[in-house]
Amino acid sequence: MNPADAGLPAAAVRHDGSVDVDALLWAVADEQRRRGRRVRGLLMTYPEGNVDACAPMVLVDLANGQAYPVSQALGRDARGCRADTQGFARASEVLREALRAAPELVIVNRFGSLEAEGGGFAAELLDLMAAGVPLLTAVATRYEDAWARFTGGAALLPARADAVQDWLDRCFEAPAAAG
């Protein structure tokens, strides 16, 4: 049974590098807002226009456009994680505020290494799922098992707009079907 069909309103787009998953999530957010849905969350931007290993990363609050720098400048030859945990901690307030605002959908840039280890946005993602708020994120193939453990088996979607829209349609139809 597909967990999305069982009522768990959480899904992750598989991020295998074949598609610009950030652009896909931005497009989903834009489309859902055009449909009149209240969308909150955080999506990634790359101010220098590239996504290489040492390019700056900035999360953007979907509600107001506020930017949250979330990368450390480690240098070209650095091998460690460039994520700035303090930047993610500052940005996490956006997700806590989203929960208070009762949106129809929350989109978060990634379930990644920080969340797989219990940090990053893990607490906020769990709070959103516990509240039944539809949650969409992306997950790199190497973290798919961690995503499954974290969510209890939430949906993994192919990186295609139609697959995401099908999942969203099921999420938004579920309350009407129950009533």
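The model is predicted, so local features need pLDDT of at least 70 and side-chain atom pairs count only at pLDDT 80 or more, while totals for chains, interfaces and linings use all residues. Residues are numbered from 1 along each chain as its sequence is written, and side-chain values use heavy atoms, with hydrogens and water left out.

**Overall fold**

- The protein has six helices and seven strands; these are DSSP runs numbered from the N terminus, with helices (H or I) of at least four residues and strands (E) of at least two.
- Reading from the N terminus, the elements follow the order β-α-β-β-β-α-β-α-α-β-α-β-α.
- Of the 179 residues, 46% count as buried; buried means under 20% relative accessible area, exposed over 50%, and partly exposed in between (1.4 Å probe, protein chains only).
- Among contacts with a separation of 6 or more, 64% join residues 24 or more positions apart, where contact means heavy atoms within 4.5 Å.

**Nonpolar cores**

- A nonpolar core is a set of buried Ala, Val, Leu, Ile, Met, Phe, Trp, Tyr and Cys residues joined through side-chain atoms within 4.5 Å.
- The largest one holds 33 residues, and Leu42, Leu59, Val106, Phe111, Phe121 and Leu135 have the most contacts inside it.
- Strand 1, strand 2 (39-45), helix 2, strand 5, helix 4, strand 6 and helix 5 each supply at least two residues of this core, and helix 2 gives the largest share, five residues.
- Apart from this core lies another of 22 residues, including Leu62 and Trp167.
- Leaving aside neighbours within four places in sequence, Leu59 touches residues including Leu42, Phe88, Asn109 and Phe121.

**Helix 4**

- In helix 4 (residues 122-130), the buried residues are Ala122, Glu124, Leu125, Leu128 and Met129.
- These residues lie on the same side of helix 4 because they cover an arc of only 165 degrees around the axis, taken from the directions from the helix axis to the C-beta atoms.
- Their cover includes strand 1 (10-15), helix 2 (85-101) and helix 5 (144-151).
- Just after helix 4, Gly132 takes a positive phi of about 80 degrees.

**Aromatic pairs**

- Rings of Phe, Tyr and Trp (its six-membered ring) pair if their centres lie within 6.5 Å; planes under 30 degrees apart count as stacked, over 60 as edge-to-face and the rest as tilted.
- The count comes to three aromatic pairs.
- Phe111 and Trp147 form an edge-to-face pair, with 5.3 Å centre to centre and 70 degrees between the planes.
- This pair links distant parts of the chain, 36 residues apart: Phe111 is in the loop between strand 5 and helix 3, and Trp147 is in helix 5.
- Both Phe111 and Trp147 are buried, and together with Phe150 they form one aromatic cluster.

**Salt bridges**

- The whole structure has 12 salt bridges, each a side-chain nitrogen of Lys or Arg within 4 Å of a carboxyl oxygen of Asp or Glu.
- Glu93 and Arg96 form a salt bridge with their closest N and O atoms 3.0 Å apart; being three residues apart in helix 2, they are separated by about one helical turn.
- Arg100 and Glu97 also meet in a salt bridge (3.1 Å, N to O); Arg100 counts as exposed at 54% relative accessibility, whereas Glu97 is partly exposed at 31%.
- Glu93, Arg96, Glu97, Arg100 and Glu124 are linked in a network of salt bridges.
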